[in-house]
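Visitor: I have a model open here and would like to walk through it with you. Could we start with the strand pairing and then move on to the ligand?

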Amino acid sequence: MASSKPKGLGSSLTIQELAKEPMLVIPERYVRLDNKPCSILSEDGTSQTIPTVDMQLLLMGEATDFQLDKLHSICKEWGIFQIDKGEMEEMFDDGMQSVRMSYYPPCPQPEKVMGLRPHSDATGITILLQVNGVEGFQIKKDGIWIPVSFLPDAFVVNVGDTLEILSNGLYNSIEHRVTVNSVKERMSIAMFFNPKFEAEIGPAASFLNPQNPPLFKRISTEKYYKKYFSRRLNGKLFLEQMKTENGEDDTA
Ligand SMILES: O=C(O)CCC(=O)C(=O)O
């Protein structure tokens, strides 16, 4: 029997179902509560290209001090970089991996919605592929949202919260979000690389000394992910809550 409920207005149609409907006004539940514009460009008004890393040299142990210093400072200052697709093979053998494929349909009122809310990933690292070349991925650097231009045939690598915790705050997990386009659909694949489920997440001993006490709690990977996925994506709030200053140790 046909439903009398108006389609797309408070109904629970999936994004794919909504995208099939001709629509001029987007359903209320997708409208962003803040009114800030999505595209905040860098000072010269262009998209910025994020740094590129030559993984081949690093993996073959042939990296010079200069290249190692470059990777170190990119992880500290940016928390995101690009590597050539061909250089990715055999990089990660162990650990837990998961994949998310995202589809962002064209939206008649792109300024009113967010494709994916601002967040940092819970992962060690995330490898991101922009499948159909449509941009929309933005990172927050020094408090400013920067649209990212992907190099053709490159992956983008995000430093995740786990790496920020392991490095006791030395490396920076990148906050990011996705905007939508009024005419083009966008597709992406994100591959998440994590420690084993049985492992514990906390600052590594090599990053700790009397001058650098642990900034983050220790917690089992299982509990960490349960906590992460029980919350809405909200910037770097989850990582803030993992700080020792925000509560007792939480070892499972
Ligand atoms: O769609 C994108 O480009 C980003 C996806 C993402 O950030 C995520 O799946 O966590």
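This is a predicted model: local features need pLDDT of at least 70, side-chain atom pairs count only at pLDDT 80 or more; totals for chains, interfaces and linings use all residues.

Visitor: Which residue in β9 is the bridge partner of I125?

Guide: The bridge partner of I125 in β9 is F193.

Visitor: And how many bridges join β4 to β7?

Guide: There are four bridges between β4 and β7, the latter covering residues 154-159, and these strands also run antiparallel; within β7, V156 is the bridge partner of L128.

Visitor: Is β4 mostly covered or mostly open?

Guide: Strand β4, residues 125-130, is mostly covered, since five of its six residues are buried.

Visitor: Switching topic, what is the strand order in the open sheet?

Guide: The open sheet has four strands in the order β3-β8-β5-β6, paired antiparallel. Its edge strands, β3 (116-119) and β6 (144-147), each pair on one side only, and the twist from one strand to the next averages 25°.

Visitor: How many bridges do β5 and β6 pair over?

Guide: Strand β5, residues 137-141, pairs with β6 over four bridges in the antiparallel sense, and in β6 the bridge partner of K140 is W145.

Visitor: Now the ligand: which residues are around it?

Guide: The residues around the ligand are R100, S102, L116, D121, L128, F137, H176, V178, S188 and A190, and by class this shell has five nonpolar, three polar and two charged residues.

Visitor: Which strands each supply at least two of the shell residues?

Guide: Those strands are β2 (96-104), β8 (175-178) and β9 (186-194).

Key: Residues are numbered from 1 along each chain as its sequence is written. A residue is near a molecule or strand if its C-beta atom, placed from the backbone, lies within 6 Å of it. Ala, Val, Leu, Ile, Met, Phe, Trp, Tyr, Cys and Pro count as nonpolar, Asp, Glu, Lys and Arg as charged, and the others, Gly among them, as polar. A residue is buried if 20 or more other C-beta atoms lie within 10 Å of its own, exposed if 12 or fewer, and partly exposed in between; C-beta atoms are placed from the backbone. Two strands pair if DSSP finds at least two bridges between them. Axes are lines fitted to C-alpha atoms, for helices over the stretch in contact, and angles run from 0 to 180 degrees between N-to-C directions.
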